[in-house]
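The sequence and the structure are shown first, and the description comes after them.

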There are 2 protein chains.
Amino acid sequence: MTLFRPNIDRMAGYMPGEQPQDGGWVKLNTNENPYPPSPRVVDALAEAIRGPLNLYPDPLGTKFREAAAKQLGLEPDWVLPANGSDENLTLILRAFVDTGDIVAYPYPSYILYETLAEIQGGEFRRLLLKPDWSWDHAAIRDTIQNARLVLIPNPNSPSGNLWRTEDLLKLVPPRGVLVVDEAYADFSDASRDAGLLQQPGGERIIITRTFSKSYSLAGVRFGFALAHPDLIAGMRKVKDSYNCDRLSLAAATAALDDQAWMQANAERVRGTRTRLSDALKTLGFAVVPSQSNFVWCTHSTRENKSLYETLKSRKILVRYMAFRNVPYAQDETLTGLRISVGTDAEIDALLAALKSIV
Amino acid sequence: MTLFRPNIDRMAGYMPGEQPQDGGWVKLNTNENPYPPSPRVVDALAEAIRGPLNLYPDPLGTKFREAAAKQLGLEPDWVLPANGSDENLTLILRAFVDTGDIVAYPYPSYILYETLAEIQGGEFRRLLLKPDWSWDHAAIRDTIQNARLVLIPNPNSPSGNLWRTEDLLKLVPPRGVLVVDEAYADFSDASRDAGLLQQPGGERIIITRTFSKSYSLAGVRFGFALAHPDLIAGMRKVKDSYNCDRLSLAAATAALDDQAWMQANAERVRGTRTRLSDALKTLGFAVVPSQSNFVWCTHSTRENKSLYETLKSRKILVRYMAFRNVPYAQDETLTGLRISVGTDAEIDALLAALKSIV
């Protein structure tokens, strides 16, 4: 006798990227920022850890919401803080998706969305992208029509490309909600405002953002959603009362206040990204032009999986990925390496290793 | 057209206790520990905030699990850390409860369980307690037989009483899971080990514990579940990959390491609890003997609600509660005040105010 719901029993569970707990790794596999957070964050934390840790945090994260709203020209009731973007995505599934409802997302893309649909008992549908990572709007029209939820990372992972607003607006389901997951947007040419929410259909769009990438706070777990207050109010009913703790609220509010620090790091990442992409091409890789803090590449002659394994044996971690059921790929399986943009020294170490391998 | 699931649309959402963000309050409404956490916690946090905050935390919280398991004489795969007990309760609902499944809990008790059932689309059933807060096992047998999940806070809230192991074992549903929510157990005479899990039926019991109460870390958000590894493995499939951040993991591990600090604070709370209970009786309150860090009391002649309001006007916050559909209560509504055990000075201020009111 199983005690679990059948969908939980059936599923395998999401496997996050490897997080070795020992030292000495060149870690380019989970898109962390290689630079530390703003000193203002550490100062704010140093103050917060001597504050009243015995008392519950503000359940609504009011100070953070006011700061984020002010920066974006919105009211605070358009903002929902969460324990990482992961939690906001989970809240969205739980608020909008009933058993059997259709959850659509581009493919190849961030497969966590499939796991979230499975947990919730929804039915996921893959919106097959063209080989150049653009949309085949005609082919996916029916699925969009019937979807409760469409989830789009922009820039996309693993490809790193950025889709235009006009593409996104075609993906708003007429009887559901579009989520634009902007985890990597600070590394792109994308507008950093929330103008998408003011477009036609914008009242059914949710933008999610995170402090894990551009703000160098993956270890602290903090993200936020932006949407019309009616959507935020419903999501708030689903969240735990105290989903964000005193320390992450203090860290995120301080990080938001130091835009210059974040932008300088993002600019460094963009510079290293160009150098990495160019070098990979000279080593025989096909490289998708990236608007993110990672690069997707596939070697013309070598097995991507064995490249990953050889690098790992040298304590260099990148992400090997294999997407099945991609009709235009060899054996219908698209494989490649997703390489996070580390420091210049880390990328030098990677390139030196690759040179000796390929 | 509503975009939300019908159950989300219908529900009101849980209302946590008031958390005033301004100062000057005597705050006795949400069962926080009035004493600060161990200095070892602050030291561990001071180190952690200078660590690699740009990197994701260990998704499994290995160090914490090892420390907690060692203390309890279990293996680490019996332990699941979470973003507060709230998150573990949510994970349990999502792992075990399908649409229409029965979720049972004692009544009057912690009504958050109803909200969690509503969010998940389950059907909650109230297991009516006798006026002395004991179980009417014969009356609830059928509900237990049919439940997927039974949730029991032990000690109970708002009453503060502790149920015996033999009562709990009768509440394990034959086709489901019993959750014993031990948020307040450190303030009781309860065994602090996990022996319940070794009892007959223990393979279908989950114990949840929190660092919010006895360890004085409500502001940090950390709790953990204890259960057979098969149950923990299924719950892990549902959780977000990085549900606990680097700082809360460091804080909780350090707090666990200083048992003497926690025990000394729990002992102080027990002493003040006795004094508070005795004084309330002399002021005309009926007081349930408490095994927790709060006291449930009802005045013999005054309206409990107006007492709450008068206290609030003097910046003293206690929790007024009204439980409807209690057949043995006046107007079928059981009302009372749940008063957290604060410092001696806070309780003196409360008692002085009450003396001048009643």
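The following paragraphs treat domains, sheets, core and chain contact in turn.

## Domains of chain A

The model described here is predicted. Chain A is divided into two parts: domain 1, made up of residues 6-36 and 260-357, and domain 2, spanning 39-258. Between the C-alpha centres of domain 1 and domain 2 of chain A the distance is 23 Å. Where these domains of chain A meet, 32 residues of domain 1 are in contact with 27 residues of domain 2. On the domain 1 side of chain A, the elements giving two or more residues are helix H1 (6-10), helix H10 (259-282), strand S10 (294-299), strand S12 (319-323) and strand S13 (334-340). H10(A) provides the largest share of that side, with 7 residues.

## The seven-stranded sheet

In chain A, 7 strands build an open sheet with mixed pairing, in the order S2-S8-S7-S6-S5-S3-S4. Its edges are strand S2 (79-82) and strand S4 (123-128) of chain A, each of which pairs on one side only. On average, and with direction ignored, neighbouring strands of this sheet are turned by 20° against each other.

| Strands | Sense | Bridges | Opposite residues |
|---|---|---|---|
| S3(A) and S5(A) | parallel | 2 bridges | A:Val103 and A:Leu149 |
| S5(A) and S6(A) | parallel | 5 bridges | A:Leu151 and A:Val179 |

Is strand S5(A) mostly covered or mostly uncovered? S5(A) is mostly covered, with 5 of its 5 residues buried. From S5(A), A:Leu149, A:Leu151 and A:Pro153 point one way, while A:Val150 and A:Ile152 point the other way; all of them are buried.

Helices lie across this set of strands. Helix H3 (residues 62-72) of chain A lies across S2 and S8 of chain A and runs at about 130° to S2(A). Helix H5 (residues 112-120) of chain A lies across S3, S4 and S5 of chain A, with a direction at about 155° to S4(A).

## The four-stranded sheet

Another open sheet of chain A consists of 4 strands in the order S9-S10-S13-S12, and its pairing is antiparallel. Strand S9 (285-287) and S12 of chain A are the edge strands; each has a single partner strand, so one side of each lacks a neighbour in the sheet. From one strand to the next, the twist averages 35°. S10(A) and S13(A) are joined by 4 bridges in the antiparallel sense, and A:Trp296 stands opposite A:Arg338 in S13(A). Helix H11 (residues 304-313) of chain A packs on the sheet and touches S10, S12 and S13 of chain A; the helix direction makes about 35° with that of S13(A).

## Nonpolar cores

The largest nonpolar core has 186 residues, and those with the most contacts inside it are A:Val103, A:Val150, A:Ala251, B:Val103, B:Val150 and B:Ala251. Apart from this core lies another, of 26 residues, including A:Ala185, A:Tyr308, A:Ile316 and A:Val318.

A:Ala251 is placed in helix H9 (residues 246-257) of chain A. Why does A:Ala251 count as buried? A:Ala251 counts as buried because it has 31 C-beta neighbours inside 10 Å, and the threshold is 20 or more. Not counting residues up to four places away in sequence, A:Ala251 touches A:Val41, A:Ala44, A:Leu45, A:Leu217, A:Val220 and A:Phe222. With A:Val220 the separation is 31 residues in sequence and 8.0 Å in space, C-alpha to C-alpha.

In chain B, B:Val150 is in contact with residues including B:Ala104, B:Tyr105, B:Ile144 and B:Leu171, leaving aside its neighbours within four places in sequence.

## Contact between the chains

How many residues does each chain bring to the contact? Chain B and chain A each bring 62 residues. On the side of chain B that touches chain A, helix H2 (39-48), helix H4 (84-96), helix H8 (229-238) and helix H9 (246-257) of chain B each supply at least two residues. H4(B) gives the most to this side, with 7 residues. The residues of this side of chain B comprise 29 nonpolar, 18 polar and 15 charged.

Terms used:
Residues numbered from 1 in each chain as written. Chains lettered and ligands numbered in written order. Predicted model: local features only at pLDDT ≥ 70, side-chain atom pairs only at ≥ 80, totals over all residues. Contact = placed C-beta atoms within 7 Å. Nonpolar A, V, L, I, M, F, W, Y, C, P; charged D, E, K, R; others polar. Pairing = 2+ DSSP bridges. Axes fitted to C-alpha atoms, helices over the stretch in contact; angles between N-to-C directions. Buried ≥ 20, exposed ≤ 12 C-beta atoms within 10 Å, placed from the backbone. Core = buried A, V, L, I, M, F, W, Y, C linked by C-beta atoms within 7 Å. Domains from an automatic or database assignment.
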